[in-house]
Amino acid sequence: MDARELIKFMSVVEKLKCNTRHSWTSSYRKESVAEHSFRLGILAYFMKDEFPEIDHAKLILMALFHDLGEAITGDIPAFVKGEGDEKVEENAIHKLLLSLPNPYQEELMELFQEMKEQKTVEAKLYKSLDKLETLLQHNEADISTWLPQEYELNLTYGEPNVRFSSYTNQLKEEIDRDSNRRIVERRKGYIGEKFHVQVIEERNHGEVFFHAENLPGVVIKNTKGVERLLMYKQLEREVLGYLCWEYATIGKGKESSSFYQERKNEMPQVLFEVVAVEEKKNGIPICFSSENAPYTKTEYERWKDILWKSTMDFQLLYEEVQKVQPMEEKEKPIRKTIQEKAEEYYQLAKRETIACLKAFGIEEIDSSFSLMEIRKIGLSFIEQQEEFLQRKIVSFSIDKRDEGETWTMRKLIRRLLEIDRVLARSFYHRISVTKEEKEKWNPFCFFFE
């Protein structure tokens, strides 16, 4: 192979060291695609005793090359990846292989075709080990890095792939034991203990908003005349709902509702501490003092993952409502169907998101895109800005007031999470459907009222 061609190809492969996966390492940093492929290769090597009849050199090659396309596309988590993403990755691999001379091009084309078809023992074993290595890494990472949906996903991920062999089944069972142990340990932090909430009171012309500083997205509004004690009771319900939502797989609010009903006597005692009182000026949304602190990369990645869960749950709420047969709605002189209301709230969430992103210099986002697409485009644009995690931005209104609105990444993530939860709660409580239907599409766990 020509030396220059080899160097050029290896420069592309180097991106596998740079591109990170959804997984975290035990040292609390994101794992690279290359690190995953490297350990998968070692795992494949140790299959000699259990699978003596197979082509072990081919199995190791599959492990090393299987994520080659991610040098171009980057990693997409399994719970987000769709058929379109698979096709893009296949095209990236095909283009890369075409740049190679033979016999490498032909050999690798055949290897990737074999992996795709999943007909040989080598291909099936590689695929099952790929899933198992991912689960191993999740268990080795600090459980605080797990997304809420991964409490369930870690126990079901890869199940169809490991069935072809008693040995891969055995590996999965051992990994599941470790996953269950970690989940139990984690939940002890919430169930049967005290949960402390740091409250920020945001005041604006007689109205008070209660924000849970350590649970971004949790906020309630104190309507005039309502006693403070009752407001804290409402905030407590919101916090407990949030904690159950945090455990839930995307769209599985009903399961969390059942979890609460079964364990409600063991739910934590919620303790509140007012850590700040902020005064809103000229109607400009506040950037809390704590939000001036820059994000670390680890914090940002974690809360961005939570934002993706929230966005997907909001999208699922919108889509599920389209299937609901509503009861007769009352006290509405001009009645709208439940689907029309859902459309209003969904479009409002998109408009509010676009308004927030404008502060970061993002002027043109097509509002016909989905809510997830709008947010991914927006965050991708921001992430290209230099030192975006540390920056403060002051955006001025059209009338050029002396005081503008301050934005940081902490504030942006908090505001987007609030948009989802506030609009979902408002929509949930303003429609009339059967109790069974309401539970079916309750992803945000609004079941405490």
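How many of the 22 residues of helix H17 are buried? The structure examined here is a predicted model, in which local features need pLDDT of at least 70 and side-chain atom pairs count only at pLDDT 80 or more, while totals for chains, interfaces and linings use all residues. Residues are numbered from 1 along each chain as its sequence is written, and side-chain values use heavy atoms, with hydrogens and water left out.

In H17, 19 of the 22 residues are buried, and the helix is mostly covered. Buried denotes a relative accessible area under 20%, exposed over 50%, and partly exposed the range in between, for a 1.4 Å probe and protein chains only. Helices (H or I, at least four residues) and strands (E, at least two) are DSSP runs numbered from the N terminus. From its first C-alpha to its last, H17 reaches 32 Å, close to the 32 Å expected at 1.5 Å a residue; the expected span is 1.5 Å times one less than the number of residues.

The protein chain as a whole contains 18 helices and eight strands. Of its 449 residues, 48% count as buried. Among contacts (heavy atoms within 4.5 Å) with a separation of 6 or more, residues 24 or more positions apart account for 67%.

The largest nonpolar core comprises 66 residues, of which Ile-382, Met-409 and Leu-412 touch the most other members. Strands S3 (194–204) and S4 (207–212), together with helices H12, H14 (297–321), H15 (338–358), H16 (371–383) and H17 (409–430), each supply at least two residues of this core. A nonpolar core is a set of buried Ala, Val, Leu, Ile, Met, Phe, Trp, Tyr and Cys residues joined through side-chain atoms within 4.5 Å. When residues up to four places away in sequence are not counted, Leu-412 touches Cys-356, Leu-357, Phe-360, Leu-379, Ile-382 and Trp-407. Another core, of 28 residues, lies apart from the largest one; Leu-59, Leu-100, Met-115 and Leu-132 are among its members.

Helix H3 (residues 33–45) has 13 residues and reaches 19 Å from its first C-alpha to its last, close to the 18 Å expected at 1.5 Å a residue. Val-33, His-36, Ser-37, Leu-40, Gly-41, Leu-43 and Ala-44 are buried in H3. Seen down the helix axis, these buried residues fall within an arc of 160°, so they line one face of H3; the arc is that of the directions from the axis to the C-beta atoms. They pack against helices H2 (15–18), H4 (56–65), H5 (70–73) and H8 (121–140), as well as strands S1 (20–24) and S2 (30–32).

Asp-67 is found in the loop between H4 and H5 and counts as buried at 8% relative accessibility. The C-alpha atoms of Asp-67 and Glu-89 are separated by 8.9 Å, although the two residues stand 22 residues apart along the chain.

A search of the whole structure finds twelve aromatic pairs. Rings of Phe, Tyr and Trp (its six-membered ring) pair if their centres lie within 6.5 Å, and planes under 30 degrees apart count as stacked, over 60 as edge-to-face and the rest as tilted. The rings of Phe-51 and Phe-164 have centres 6.3 Å apart and planes at 25°, so this pair is stacked. Phe-51 belongs to the loop between H3 and H4, and Phe-164 to the loop between helix H10 (159–162) and helix H11 (166–187), so the pair links parts of the chain 113 residues apart. Phe-51 is buried at 7%, whereas Phe-164 is partly exposed at 31% relative accessibility. For Tyr-242 and Trp-245, ring centres 5.2 Å apart and planes at 55° define a tilted pair. Both lie in helix H12 (residues 228–247), three residues apart, and both are buried.

Two local backbone features were also found. Most residues other than glycine have a negative phi, and most peptide bonds are trans. The peptide bond from Asn-102 to Pro-103 is cis, with omega near 10°. Glu-387, in the loop between H16 and strand S7 (393–395), has a positive phi of about 50° although it is not a glycine.
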